[in-house]
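Here's a quick briefing to read alongside the picture. Take a look at the chains first, then work through the points below.

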Amino acid sequence: MSSKTKAADKLLFTSADWDFDTLKATYDAIEDIAINELKLDVYPNQVEVITSEQMLDAYSSIGMPLMYHHWSFGKRFVRDDVMYRKGYQGLAYEIVINSNPCISYVMEENTIVMQALVIAHAAFGHNHFFKNNYLFKQWTDADGILDYLQFAKSYIAKCEDRYGFDAVERILDAAHALMDQGVNRYSRPEKPNLAAELKRERERAKYEDETYNDLWRTLPQSDPGDQDVDELKRKMRVEERRAQFGLPEENLLYFLEKNAPTLQAWEREILRIVRNIGQYFYPQKQTKMMNEGCACYVHYAIMNSLYDKGLISEGAMMEFIDYHSRVVFQAEYDDQRYSGFNPYALGFAMMQDIHRICVDPTEEDHKWFPDIAGNNAPVETLKEAWAHYRDESFILQFLSPKLMRDMRMFMIDDQSTSPHLEVAAIHDDNGYRKVRRSLARMHDISVREPDMQVVDVDIRGNRQLYIQHTEHEGIRLEKSEAEMTLGYIGQLWGYGVTLQAVDYESGEILHETNYTPEDLAN
Amino acid sequence: MLYIVDRRKNPTGKSLGNRQRFMRRAKAQIKKAVESTIRSRGITDISGGDQITIPGKTLKEPGFHHMGRGGNRNYVLPGNKKFVQGDRIARPQGGDSGAGGSQASPDGEGEDEFQFTLTRDEFLDIFFEDLELPDLLKKSLKQTTAFRTTRAGFSVEGTPSNLSLVRTMRNSLARRIGLRRPKSAEVRELEEKISALQAKAEKRPNGKLTKADDETLHTLLADLEEAKRRMKAIPFIDPIDTRFNQFQQIPDPNTQAVMFCLMDVSGSMSEQMKELAKRFFMLLHLFLHRKYEHVEVVFIRHTSRAAEVDEETFFYSRETGGTIVSTALEEMKKVLKDRYPTDQWNIYAAQASDGDNYSNDGAKCTALLAEDLLPKCQYYAYIEITDEREAEIFAAAEGETALWKAYAPLAATHPQFALKRVTKAADIFPVFRELFAKNRAEATR
């Protein structure tokens, strides 16, 4: 009896409701485990309690606390609003922002168990990942993002005041269409910094006045020798031109921002804002599965530790397990609910599997993972992985045969020429490596997203812009969308645009789509 | 380190700007959807916004994406049951569930329709865009709220006519007591005593008082002087005493309206004509509902007799007989008198007819309208529904029906009376807009 009361005394909470004191006490207990046991390295935390309505607001503006206004966010809002009110869809329990301090939004409707879960998941799991993963370190500036969004929001509002809603909407629509093609994939960008951005914005206006770009010449130059120029000379000119514009350029937004002849300074600035925000989210797209896996692993470890220490009751633990198992549920391919791999499920399974390999390896694990099998340092091993991999490379490195068997993964080969799909590999000795490579490719953004580049500009003639889509394995672009997007490019560019599909293997042009300014006007 | 911030008190509706931009973007489609919703509902049930489905085309956010199928690709699926390497599977038909894993976005093809909920206000605002009730001179153009004046305590400032005597005098009295201002009775008493002593002195042979009396007289005179000085220094009513009654304008919502639907249901009115009438009534009801919290509808149908009926009967049951319009007007007058006193109700009426009337009834109708009904109505609309073919045939003759002839002069003298012709469904809305056009008030003035 006495031990029971004693145990009850230690509990952080006994009812489902929370108040700020229990929230703080719970946070402290979680922090203790996260910092002292898991030795996580996190940004300071800021937990913000919001209502469901505010959660809906945050949802619609791609999860950011501050965002400029655009109709597409309103569209998301009205849709989510319907879904939520009709009960088709719950709201996220939490939203976390990669910023310093790390901001986690928690809903007031959550029970205290849920709040504990959310704090462990977001405020420590995601937070650690944001702070330590190389992609985030390299591409995003957690200190500056909120300032930058504030700047973006007020800048765009100012533009709306000055140039009208329609003009701004036109630019934003076009920029959003190109957002995926607005990231630098390989070179390291400067991190956005408010003071520098403001300064740069002012300088841009000045620069505009002072510089001269051959492209903006209003009278096209006639070149009488054109007909006689031999092939070599022509090629040299192409090379020259490419050097001048830094072609080929895969960052379409960047190219348009810098080189589109007819854009106003403010329009270029808006392109830059969209580009910067796209760039900020780029690491998240590449590490979705790992990031969620890391957060799930962390919350699972912390909640269990809380329970082991007698800080939460069995009832609370049951509630937690209920939420947890729903989050990491993976439907099988023939299930109605199946919609691809659930990043939470795959991520969590992989983290747990690595943990197992470190602590309790089998013969097979020793063979496949000689470096880590049985090293008895699961958390350290995972932290290494979290820091230095992205989804694709992480799967390629760490997906174990056991997990492939557990999830009963199999690989389908889909050749357009064949009337059938073929099972190319399954979870057996012949298939492990193939399955793993295929799954890794599925998580590779550069494979998932089309390979688009600006390849040439006809500066001597009609300023036609040439954009190339390199087709891999005959996978084409979604036609109607590509046409609309091309229209947006034309609108930004101001002159004709040609979209060429080029086969990756042979390099030959498969087909071409042309847009003239007259088309674009319609 | 932890900061907990309670954001729940922050203003909500952060997405309002986005929502408005969205509505602006989809305006044309939303309007269309709203109009079709209206067509399919009963008169009084068009109260809410509800679900609107609009084509997703203009709301599309395109981008460069791979096609969901085609080309050579491979992907991994979970949950293998029975496959071994080399198995062949028939291509799944239709859906691309098999390719789910390798496909970037699910909203490429499927998003042809976009469904969402309009709030009631948005719904109605869209519907009544640039429409305004014509003549609300009586209750002010913008709001139908009347004001009532109520007392609202006292203030230290105000116009003399609002001076609160009781409060002011009470303050004055308190101040006078507090500062010990001599009462006029006390001064009078002193004066009396002095004059008594002076009279006494005159009676004496030497004209002088006794020494004791003389001293008294001196004290009294000094007292009197002091009292007068104080009276002068301390005013009877000081500006700080004054209090004024304060009044406040309390909105006295006159938020109920009654709408009379009058219709000729005699044999000459075809189903199609009634359908047209129904749409007109519907629109009127909707419009009123936007303006007033509470709207009642009275349906009066008539042939050669008139009766108040329910909506179902009004639209869908048939009667035979002649046409005497004045019976309906009489009925309306009676209902008005019995149930809807003008000081509590805003009264609107809409009459639909094919224009037939018993030949001697016109004058009676005009008189009833001019004398009894129109002065009480905010608005009275008469729509004449003519058959499409007839309209063409009689176009030259301006289609002067008996009722039109009788009513036409009224429009000139009564700004709240309007009459219009409608021949087909497409006419309803334009006619309605014209009837209620914003500038009508100016035009008729």
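What pLDDT does chain B average? Chain B comes out at an average of 75, and 73% of its residues score at least 70. That score matters here, as what you're looking at is a predicted model. For the model as a whole, the scores are ipTM 0.80 and pTM 0.67.

**Confidence along chain B**

- Helix α4 (residues 165-178) of chain B is where confidence in that chain is highest, at a mean of 91, while helix α14 (residues 440-444) of chain B has the lowest, at 41.
- Residues 130-144 of chain B have a pLDDT below 50, yet this stretch makes 29 contacts in the model beyond near neighbours in sequence.
- Residues 438-445 of chain B also sit below 50, and this stretch has six contacts beyond near neighbours in sequence.

**Where the two chains meet**

- Chain A puts 81 residues into the contact, and chain B puts in 58 residues.
- On chain A's side, the biggest giver is helix α4 (residues 71-86) of chain A, with 10 residues.
- Sort chain A's side by residue type and you get 37 nonpolar, 23 polar and 21 charged.

- Four strands line up as an open sheet, in the order β2(A)-β3(A)-β1(A)-β1(B), with mixed pairing.
- At the edges are β2 (94-97) of chain A and β1 of chain B, each of which pairs on one side only.
- From one strand to the next, the twist averages 20°.
- The link between the chains is a parallel pairing over five bridges, joining strand β1 (residues 45-50) of chain A to strand β1 (residues 2-6) of chain B.
- To find a spot in that pairing, look for Val47(A), whose bridge partner in β1(B) is Ile4(B).
- β2(A) runs antiparallel to strand β3 (residues 102-107) of chain A, and four bridges connect the pair.
- Within β3(A), Val106(A) is the residue opposite Glu94(A).
- Helix α3 (residues 52-60) of chain A packs on the sheet, where it touches β1, β2 and β3 of chain A, and its direction makes about 135° with that of β3(A).
- Helix α5 (residues 112-132) of chain A packs on the sheet too, touching β1, β2 and β3 of chain A, with its direction at about 160° to that of β3(A).

**Nonpolar cores**

- The largest nonpolar core has 164 residues, and Ile30(A), Ile270(A) and Ile302(A) have the most contacts inside it.
- α5(A) supplies the largest share of this core, 13 residues.
- Setting aside neighbours within four places in sequence, Ile30(A) is in contact with Ala116(A), Ile119(A), Ala120(A), Phe124(A) and Ile302(A).
- There's a second, separate core of 54 residues, and Ala306(B), Phe314(B), Val325(B) and Ala352(B) are among them.

**Zooming in on Glu332(A)**

- You'll find Glu332(A) in the loop between α14 (314-327) and α15 (343-359) of chain A.
- Is Glu332(A) buried, exposed or partly exposed? Glu332(A) counts as partly exposed because 14 other C-beta atoms lie within 10 Å, and that label falls between exposed at 12 or fewer and buried at 20 or more.
- Leaving out neighbours within four places in sequence, Glu332(A) is in contact with Tyr338(A) as well as Pro78(B) and Gly79(B).
- Glu332(A) and Met409(A) are 77 residues apart in sequence, but their C-alpha atoms are 9.5 Å apart in space.

Methods. Residues numbered from 1 in each chain as written. Chains lettered and ligands numbered in written order. Predicted model: local features only at pLDDT ≥ 70, side-chain atom pairs only at ≥ 80, totals over all residues. Contact = placed C-beta atoms within 7 Å. Helix = DSSP H or I, 4+ residues; strand = E, 2+ residues; numbered from the N terminus. Nonpolar A, V, L, I, M, F, W, Y, C, P; charged D, E, K, R; others polar. Pairing = 2+ DSSP bridges. Axes fitted to C-alpha atoms, helices over the stretch in contact; angles between N-to-C directions. pLDDT = per-residue confidence, 0-100. Core = buried A, V, L, I, M, F, W, Y, C linked by C-beta atoms within 7 Å.
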